[in-house]
Amino acid sequence: MFFETQNLSNALCVLSHALLKQGVWATRGKNAAGNRCLEFPGAVLVKINHPTNRYCFVEERKWNKTLGWAESLWLALGDNNLSMPGSYVKNLYSFSDDGVYMRAGYGPRIRRFGDNFTRYRIGDRIMYRQYGDSHSGVGVDQLRFVIEKFKEDIGTREAVITIHDPVADDFDRGNGDVPILRTKDTPCTRSIHFMVVDGKMNCYVDMRSNDLIWGFSAVNVFNFTLMQEYIAMMVGVPVGAYYHKADNLHIYEGSYDLVKAIAEKYPENAYAEDGAVPYQYSHTFTTLKEFDSWLQKLSNYEKGLRGVDGDLPYSDEQALEYLQDFAEEPLFLDWAKVFYRRWTKKPIEFTNPVLTTLFE
């Protein structure tokens with residue numbers, strides 16, 4: 001099934017209507033946790049024509065306006081320690097095997113794929129399948145590969161980031177009989193493919209399974225389209241279209257009333273006109289080294305706002321003063337302003353007017 005949409009809000013409305021009309025009820029084993037799923041009967045491909053409008057304005061969705069930015073920072077840093085994103089959504093800890101790391105977190109798989117042999121203990125059991133803080137330095141930086149592949153050949157079809165790691169995700173290395181790995185967290189995303197078409201950066205995401213409410217509309221589209229945008233910046237092309245393929249796109253029974261309320265209030269074409277002239281950031285960075293430098297500065301600022309390792313959070317005056325460090329880089333300035341808004345609770349005007357409206 002194919003759905004062409006204009007932005008995230010429009011996609012949520014379109015898919016809510018379609019799921020109620022075409023969805024079938026199913027129970028999917030242990031992961032269903034006793035709940036039934038309403039799912040599309042076949043694979044779904046969603047095209048979003050204006051992916052830089054990655055914000056959800058559907059009021060009933062009660063969208064977390066900060067989480068996508070926090071998770072995107074987390075992914076780009078190559079981190080999967082839950083202390084940072086867990087500060088924004090504590091429920092993330094319920095998906096962790098050890099209460100410290102997100103075992104299948106995408107960050108390490110993007111920035112150091114294959115460096116997955118951290119040894120750790122749960123009770124009397126030794127585990128080896130954790131992407132953790134300590135690492136050997138032999139992992140593959142797939143973000144670097146994608147950017148350098150485009151620098152070498154702008155027409156390449158090989159700029160793919162792989163998320164699923166069979167070595168880490170399939171079997172439990174800790175036991176001699178090698179049973180299937182028992183874990184709370186198996187990556188839903190399989191790959192993220194970037195390709196320049198008609199001079200613009202397209203992004204193609206392949207997912208084995210996807211929850212419309214808690215995955216697709218919560219953070220998935222946001223994270224991958226922001227990655228699409230900053231990769232396009234480093235490659236030197238504008239953003240094109242975003243394609244999201246899910247072999248199983250669904251909601252759990254507990255989300256049914258929400259999806260029904262969205263479909264009843266909003267027509268399928270709701271928000272279709274929003275973002276017709278999409279906002280794209282200007283930028284100063286052109287290399288991964290420069291991007292990583294800004295990323296580290298942003299990480300330090302976020303930690304200062306939040307207060308970590310026993311340090312007191314920035315005062316309001318410090319928070320505003322240090323925000324000026326991002327003045328020359330519009331994307332990172334707005335990224336920092338999102339965290340400023342979250343922790344100080346003070347209104348602020350964003351470079352992107354869509355964000356100013358969102359946070360009003």
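Two strands pair if DSSP finds at least two bridges between them. Helices (H or I, at least four residues) and strands (E, at least two) are themselves DSSP runs, numbered from the N terminus.

This is a predicted model, in which local features need pLDDT of at least 70, side-chain atom pairs count only at pLDDT 80 or more, and totals for chains, interfaces and linings use all residues. Residues are numbered from 1 along each chain as its sequence is written, and side-chain values use heavy atoms, with hydrogens and water left out.

**The sheet**

Four strands form an open sheet with mixed pairing, in the order S2-S3-S12-S10. Strand S2 (24–26) and strand S10 (210–211) are the edges, each pairing on one side only. Three bridges join S2 and S3 in the antiparallel sense. Valine 24 has glutamate 39, in S3, as its bridge partner.

**Helix H1**

Helix H1 covers residues 8–22, 15 residues in total. From first C-alpha to last it reaches 20 Å, close to the expected 21 Å. That expected span is 1.5 Å times one less than the number of residues. At the start of H1, a side-chain oxygen of asparagine 7 comes to within 3.2 Å of the backbone nitrogen of serine 9.

Twelve of the 15 residues of H1 are buried, so the helix is largely enclosed by the rest of the structure. Buried means under 20% relative accessible area, exposed over 50%, partly exposed in between (1.4 Å probe, protein chains only). The buried residues include Leu8, Cys13 and His17. Their cover includes strands S1 (2–5), S3 (37–39), S4 (44–48) and S12 (249–252). Helices H6 (212–235) and H7 (256–265) are also among the covering elements.

**Rings and charges**

The structure holds 24 aromatic pairs. Rings of Phe, Tyr and Trp (its six-membered ring) pair if their centres lie within 6.5 Å; planes under 30 degrees apart count as stacked, over 60 as edge-to-face and the rest as tilted. Tyrosine 301 and tyrosine 314 have ring centres 6.0 Å apart and planes at 40 degrees, so this pair is tilted. Tyrosine 301 lies in helix H8 (residues 288–306) and tyrosine 314 in the loop between H8 and helix H9 (316–323), so the pair ties together parts 13 residues apart in sequence. Tyrosine 301 is buried at 2% relative accessibility, while tyrosine 314 is partly exposed at 26%.

Two arginines have a charged end over a tryptophan ring. A charge sits over a ring if NZ of Lys or CZ of Arg is within 6 Å of the ring centre and within 35 degrees of the ring normal.

| Charged residue | Ring | Distance to ring centre |
|---|---|---|
| Arginine 36 | Tryptophan 25 | 4.3 Å |
| Arginine 342 | Tryptophan 343 | 4.1 Å |

Conventions. Contact = heavy atoms within 4.5 Å. Polar contact = N/O pair within 3.5 Å; in protein donor to acceptor, adjacent residues only side chain to side chain.
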